[in-house]
Amino acid sequence: MFRKLTGAAMFGLAALWLFPLLWALWTAFRPREQAISWTLSTDLTMANFVTVWNGAPFAQYYLNTFLIVTVILFVQIVTATLAAYAFAKLRFWGRDVLFLLFLVQLMVPADILIFPNYNVLRDLSLLDTKLGIMLPYFASAFGIFLLRQTFKTIPHELEEAARMEGCSWWQILWRVYVPLARPTYIAFGLVSVSYHWNNFMWPLIVTNSVENRPLTVGLAIFAQSFETGAQWAEVSAATIMVIFPLLLAFFLFQRQFINSFIHSGVK
């Protein structure tokens with residue numbers, strides 16, 4: 001009985017989460033005059049997507065977002081790998097205290113750091129630049145924590161065997177630790193990409209030009225524009241355009257997504 005109630009509650013929460021997405025999808029393909037009507041009809045159109053694409057530089061927004069997300073993920077993987085290896089396998093004075101300080105960052109809300117980060121970028125003349133958006137995220141305490149825990153489970157004998165074969169520490173890291181930590185890299189990559197694809201507050205504050213705005217900021221400006229107003233069909237179409245790449249990636253690779261989180265221990 002309890003299991004049935006739990007299952008029903010889970011399905012109810014899933015339906016509650018899915019309803020806004022289905023409503024936006026349904027509204028995006030309906031004519032403007034029927035956008036908020038609950039009458040069922042087969043009147044479907046792509047005109048809303050054409051209007052949105054022509055009404056704002058979404059191609060530039062896509063390019064900006066893809067570049068920002070890709071560069072941040074690449075730099076985070078490099079810095080997190082090096083730091084995690086140091087915390088997991090190297091012995092130096094103050095290692096545990098320093099790692100604890102990294103963990104403290106996980107408890108600090110990102111919004112608290114907006115003002116000091118903004119001042120730093122202003123002093124470096126990096127406001128309204130893609131580098132300014134990316135710079136505060138080049139190091140990830142979450143990624144360091146995940147990889148450190150994974151590296152600690154890898155037997156030290158594998159590293160000793162690689163050293164006997166004449167491998168340098170960089171070759172050991174690349175050929176031994178990185179392949180064995182692949183599920184953790186996938187899990188962290190999913191978290192990083194989804195977070196920075198949907199990041200809104202920080203890019204909104206530091207960008208002023210179309211050449212540097214990501215999709216989330218472009219969507220907000222489009223939704224508030226005079227031409228769009230409260231036209232829910234166009235706003236829903238723009239929303240679907242923004243979230244479509246993440247949804248497509250999830251539906252294509254959902255099995256790999258779930259397995260990566262299971263193997264990496266992310267709940």
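What percentage of the 267 residues in the chain is buried? In this predicted model, the buried residues make up 37% of the chain, where buried means under 20% relative accessible area, exposed means over 50% and partly exposed lies in between, with a 1.4 Å probe and protein chains only. The model is predicted, with residues numbered from 1 along each chain as its sequence is written, and side-chain values use heavy atoms, leaving out hydrogens and water. Local features need pLDDT of at least 70 and side-chain atom pairs count only at pLDDT 80 or more, whereas totals for chains, interfaces and linings use all residues.

I begin with the overall architecture. The chain has 13 helices and zero strands; helices (H or I, at least four residues) and strands (E, at least two) are DSSP runs, numbered from the N terminus. Along its principal axes, the C-alpha trace spans about 70 × 60 × 35 Å. Of the contacts in the chain with a separation of 6 or more, 71% are accounted for by residues 24 or more positions apart, a contact being heavy atoms within 4.5 Å.

Leu16 has its place in helix H1, residues 2-28, and is exposed, with a relative accessible area of 63%. Between the C-alpha atoms of Leu16 and Phe115, which are 99 residues apart along the chain, the separation is 36 Å.

I turn now to the interior. In soluble globular proteins, nonpolar side chains tend to be buried together. A nonpolar core is defined here as a set of buried Ala, Val, Leu, Ile, Met, Phe, Trp, Tyr and Cys residues joined through side-chain atoms within 4.5 Å. The largest such core holds 20 residues, and the members that touch the most others are Leu147, Phe151, Ile172, Tyr177 and Tyr185. At least two residues of this core come from each of helix H3 (58-89), helix H7 (141-152) and helix H9 (169-180). H3 gives the most, with six residues. Not counting residues up to four places away in sequence, Tyr185 touches Ile77, Thr81, Leu147, Phe151 and Val178. There is also a second, separate core of 17 residues, including Ala24, Val69, Phe222 and Val242.

Next, the helix packing. Two packed helices are described by the angle between their axes and the distance between the axes. The axes are lines fitted to C-alpha atoms, for helices over the stretch in contact, and the angles run from 0 to 180 degrees between N-to-C directions.

How do H3 and H7 pack, in angle and in distance between their axes, and what are they to each other? The angle is about 45° and the axes are 8 Å apart. H3 and H7 are therefore oblique to each other; angles under 35 degrees count as roughly parallel, over 145 as roughly antiparallel, 65 to 115 as roughly perpendicular and the rest as oblique. H3 passes H7 in a right-handed crossing. A crossing is right-handed if the near helix is turned clockwise from the far one by less than a right angle, and left-handed if anticlockwise. Among the residues that make this contact are Thr81 and Ala84 of H3, together with Leu147 and Phe151 of H7.

H3 also packs with helix H4, residues 95-104, at an angle of about 140° and with the axes 10 Å apart. H3 and H4 are therefore oblique to each other, and their crossing is left-handed. Ala86, Phe87 and Ala88 of H3 meet Arg95, Leu98, Phe99 and Phe102 of H4.

Finally, the charged pairs. Side chains of opposite charge can pair when their charged atoms come close. How many salt bridges does the structure hold? There are three, a salt bridge being a side-chain nitrogen of Lys or Arg within 4 Å of a carboxyl oxygen of Asp or Glu.

Asp96 forms one with Arg95, the closest N and O atoms being 3.5 Å apart. Asp96 is exposed at 51% relative accessibility, whereas Arg95 is buried at 15%. Arg122 pairs with Asp123, with 3.9 Å between the closest N and O atoms; here Arg122 is partly exposed at 46% and Asp123 is exposed at 59%. Glu159 and Arg163 meet in a salt bridge at 2.9 Å, N to O. These two residues lie four residues apart in helix H8 (residues 156-164), which means that about one helical turn separates Glu159 and Arg163. Glu159 is buried at 4% relative accessibility, while Arg163 is partly exposed at 43%.
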